[in-house]
Amino acid sequence: MPSPALDEVFAAEASLMELAGGTPLVAAGETVQALYRLTAGRLAEVEPMAGGGGRLLTVHRPGALIGGAQLLGDGRYRTTVTALRDSELQVIPGDRAVALLRDRPNFLAAVARATLARMMTTEPTGRRKSSILGFVAVSDGVVMRDLAERLAAAMRALGAEVAVLGADADDHSASWLNALELEHDFVLMAAERRDTDFIAYSGRQIDRLILVGDATAGRPDGSIPSAAAAIRNERLLDLILVQPAGARLPHDSDRWLDVAPVSRLFQIRAGDQPDVARLARIYTGNSVGLALSGGGARAYAHVGVLRALAELRVPIDFVAGTSMGAVIAAGLAMGWEDAEMDRRIREAFVASSPLSDIAFPLLAMTRGRMVDRRLETHFGDTQISDLWRPFTCVSTDLTTGGMNIHRRGSLRRAVRASLSLPGVLPPLVENGHVLVDGALVRNLPVDLVREQHDGVTIGIDVASSEGLAPDDLLLKPSGWRWLTSGAWLRGPPIVSVLIRSATISSVAALPPPCDDLIEIVPQLEGVGLQDWKAYDTAVAAGYRAAMGAADQLSGLRR
């Protein structure tokens, strides 16, 4: 909030200072030389890490004070403050600021209040609002201004005030841009590949850089300078690849990630309005993420949830899953609609048990070959970077004892790792690491979806509604009939014990309720963890649970 005491003192005592984007204001270890107040632009405050690099603590916006805590404390900075954009500041020299703090009690109180307020609020790097977005074409086949105008129209349809700037806006002052930002929710700076001066200018003004490439063109040779500058200056970095109109599935996208280490990759089809609408949801904070838990055969309920979400017209923009949830999530990210999802899951898991290739248990009860073949049949050689929706799945790294997050590489191998329940399926060895079922460390990966976007995340939990019952430990039917009836094909009761053991720790670690999280828990009584034939029952339970949350979901409709 505005402070009359601060306004009065800075108006009378301060000089003006301009700071180019990417330029440090103060460094960790320095002694305080001045009291600063930001009037235009953005400043990033970073805590240096012992092993190198730093952790972003907060992004300062106009009105922020820099140096107040140090003047009131021991006089030394423990963080580095750098301009994210071209910025303007009011400056009072340190000695004069100390005298004013001593002689003006109202000023002292105002600085103390501002310092305390800053200490109590931080902006996590993955969830800070990006209001000035820089779109830079990195291929000649991309007409950036046209795409930016289409995106702006889609953002306006969601109620946002949006301005689009091109090279004709080159070299305006930080205060001019700040005034434009105050009049709009978002400013899109669209630079063609040839607009080198505007790329350099916009690179000093933006909160987030979005590189846009023609997927059919060759990747840029070497690193992309604007990407390297964005990373160096703590900016968020995305990549959009424009696929040909009507493309079935992207391919060879990893080659772009090798030269542009982006945090998010989006695939769109040329001229496709639903794809542009998806980008509009993402960049206005109206996107929808989906996290699907593991839980053996109970994970069939996810199919019913997806069916209900489609009927309710709830879009899905980001998806993550663990174990069987990773299988469903991967199909959704591939672009499978309801009928195809239903057919493929029935073929892979319902028609015959994927766990029937029983082995002498040196590493696991099964050889895992049947699971491998089915994953190959349905996912082929698809790479995670070639999916229509950003996809994440989780495995447990027995080599390091931590969580392995899969966002690049082979889709089927990532899903296979996430499925590899210890004792049931052999572990997957990847790059010298032994990977097993992700349910051991993160059965419902809500946090991994939320860190990717600023909208609402839907978490579907199929593991906590019902635990393991005593009857689940019995052979059904008993004795030799268990073998002669073919019931052995779905695995002995120990499989249920292992699945439940893997998921139980994460049940206690579910995220607390909050405004940007909707949790759906299908009631799956009577559906066992190994009931691979209970597909229709589980799907119906998932559908009912999602429809029961229709009021909560109504605000997410397209």
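This is a predicted model: local features need pLDDT of at least 70, side-chain atom pairs count only at pLDDT 80 or more; totals for chains, interfaces and linings use all residues.
Six strands make up an open sheet, and their order is E10-E11-E9-E12-E13-E14, with parallel pairing. Which strands stand at the edges? They are E10, residues 162-165, and E14, residues 264-269. Each of these has a single partner strand, so one side of each has no neighbour in the sheet. On average, neighbouring strands here are turned by 20° against each other, with direction ignored.

One pairing in some detail. Strand E9, residues 132-137, runs parallel to strand E11, residues 186-191, and five bridges join the two. Within this pairing, phenylalanine 135 has alanine 190 in E11 as its bridge partner.

Next, what packs on the sheet. Helix H6, residues 174-183, touches E9, E10 and E11, and its direction makes about 145° with that of E10. Helix H10, residues 273-284, also packs on the sheet. The strands touched by H10 are E9, E11, E12 (208-214), E13 (236-243) and E14. The direction of H10 makes about 150° with that of E14.

Now helix H14, residues 369-379. Which of its residues are buried? Met370, Val371, Arg374, Leu375, His378 and Phe379 are. Looking down the axis of H14, these buried residues fall within an arc of 135°, so they line one face of the helix. Arg369, Arg373 and Thr377 are exposed, on the face turned away from the buried side. Just after H14 comes glycine 380, with a positive phi of about 55°.

Last, helix H19, residues 535-548. At 1.5 Å a residue, its 14 residues should span 20 Å, and the end C-alpha atoms are 20 Å apart, which agrees. The buried residues of H19 are Tyr535, Ala538, Val539, Ala541, Gly542, Ala545 and Ala546. Why do I put them on the same side of H19? Because the arc they cover around the axis is only 160°. On the other side of H19, the exposed residues are Arg544 and Gly548.

What do the buried residues of H19 pack against? Their partners are helix H11 (301-311), helix H13 (338-350), strand E22 (517-520) and helix H20 (550-553).

Conventions:
Residues are numbered from 1 along each chain as its sequence is written. Side-chain values use heavy atoms; hydrogens and water are left out. Two strands pair if DSSP finds at least two bridges between them. Helices (H or I, at least four residues) and strands (E, at least two) are DSSP runs, numbered from the N terminus. Axes are lines fitted to C-alpha atoms, for helices over the stretch in contact, and angles run from 0 to 180 degrees between N-to-C directions. Contact means heavy atoms within 4.5 Å. The expected span of a helix is 1.5 Å times one less than its number of residues. Buried means under 20% relative accessible area, exposed over 50%, partly exposed in between (1.4 Å probe, protein chains only). The arc is that of the directions from the helix axis to the C-beta atoms.
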